[in-house]
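Look at the structure first, then read on.

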Amino acid sequence: MEAIEEILPFLSIKSRLDLKAVSLSHVLGLTGSVDGIKLLIQNETLLKHLLDLTGDESESVAKDAVLCFVNITAEESGAEVVVDKVRAISVAPRKLLFLLTNFCFCFQFVDRLVPLAYQAVLDENGKLSDAWCMVLCNITRPEHLAEQVVTHLLAIEYSIDKLTTCFTRVNYNKQKCHLNYLGPLFSNVSQSNSGRAVFCNQTTGLLRRILPFVHHEGSIVRRGGAIGLLKNVCFDSTVHEWLLSADMDILPFVLLPLAGPEEFDDETNDRLPVDLQYLGPDKKREEDPDVRKMLVESLAQLCATRKGREYLRDHGTYEILRELHKFECTPDGDKNVLNAVENVVDILIRTEDEIGEDNLKELEIPDDVKSKIETMNDDVEK
């Protein structure tokens, strides 16, 4: 702690460049460990200096300062301090003479950080845009912090709309920043009610613009983020009818990555969405099990209402999941995805009279249904 206090003066943005660079290098090294981060986040002045240095004239200094925040916020305790930290400063308001000459004005650290990060991402020539994307991702990852950060983002006019433009224009940044982490940021933002409402705004069409990236092969980060957003949006059963309507038609986006090279008869193909008909032997199933799980969980949410369940049944969802279930039972499969598949299949193979509910949120599959699925698979293989 004493060592931190000793270098604090050299971390001021007004300090000599060589002193700033050496001191900042030491701080960056500390952010590489949990203990180091715990030490740093106790020092309010140090965090303020780091934020100042993200705008330093020296590119190397600014880069190291932003990387410090990437590492600090990667730990939940660090993200909590950055979002919840309240700092007091002394100001002298000249116009409010009826107040004391000086008074304590409090604001949150994140009040300044979020606009800085947002503007850096929006800068087409920004060299640190990817790093700032990661900071925004980190501070929105914990669900209990997401709502607060979203509030700050939405305070900036059209912020999510503009970030969506950055995301959908793959070569938006001219300094080779890929902005892939905007995907997870959108997913994190959609954890909150206000965030989901922005993406489900039918006038702006933001969700429609992002949907194609559910199939993006260039980056698992970008693809996974888009799918995470889709899954979170599906948690709101009030928008299911819209999501499954011709205007949005999200079912092909969900089912296509789950489909493999399996062949179906003509009757089954006719029920499937057009994009899933006659895929051929070269069709590859999504390789990442976490991504497959999110897609299946999206289907589980779409089963919440009777209309949703009937739509899924009528459009070949069961048949796709039946083949996916067989795959997840192989050595290349994943137990967690298998369980998720069984949850959805348990609903789809039941009649509505058996279900007896219009809205379902927690799905559990009994042992007898598991046996039934295995029997079905045996029959198919024969």
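The lining of the largest pocket divides into 3 nonpolar, 2 polar and 7 charged residues. Here Ala, Val, Leu, Ile, Met, Phe, Trp, Tyr, Cys and Pro count as nonpolar, Asp, Glu, Lys and Arg as charged, and the others, Gly among them, as polar. A pocket is an open set of points on a 1 Å grid where a 1.4 Å probe fits, with protein on both sides within 12 Å along at least five of seven lines; lining residues have an atom within 4 Å of a point. Among the lining residues are His 215, His 216, Arg 223 and Lys 283.

This is a predicted model: local features need pLDDT of at least 70, side-chain atom pairs pLDDT 80 or more, while totals for chains, interfaces and linings use all residues. Residues are numbered from 1 along each chain, and side-chain values use heavy atoms, without hydrogens and water.

Volumes are the space filled by probe spheres set on the points, which are joined across faces, edges and corners.

| Pocket | Volume |
|---|---|
| Largest | About 330 Å³ |

The Asn 173 side chain reaches the backbone oxygen of Gly 126 at 2.9 Å. Asn 173 is buried, at 6% relative accessible area; buried means under 20%, with a 1.4 Å probe and protein chains only.

Conventions: Buried < 20%, exposed > 50% of the residue type's maximum accessible area, 1.4 Å probe, protein only. Polar contact = N/O pair within 3.5 Å; in protein donor to acceptor, adjacent residues only side chain to side chain.
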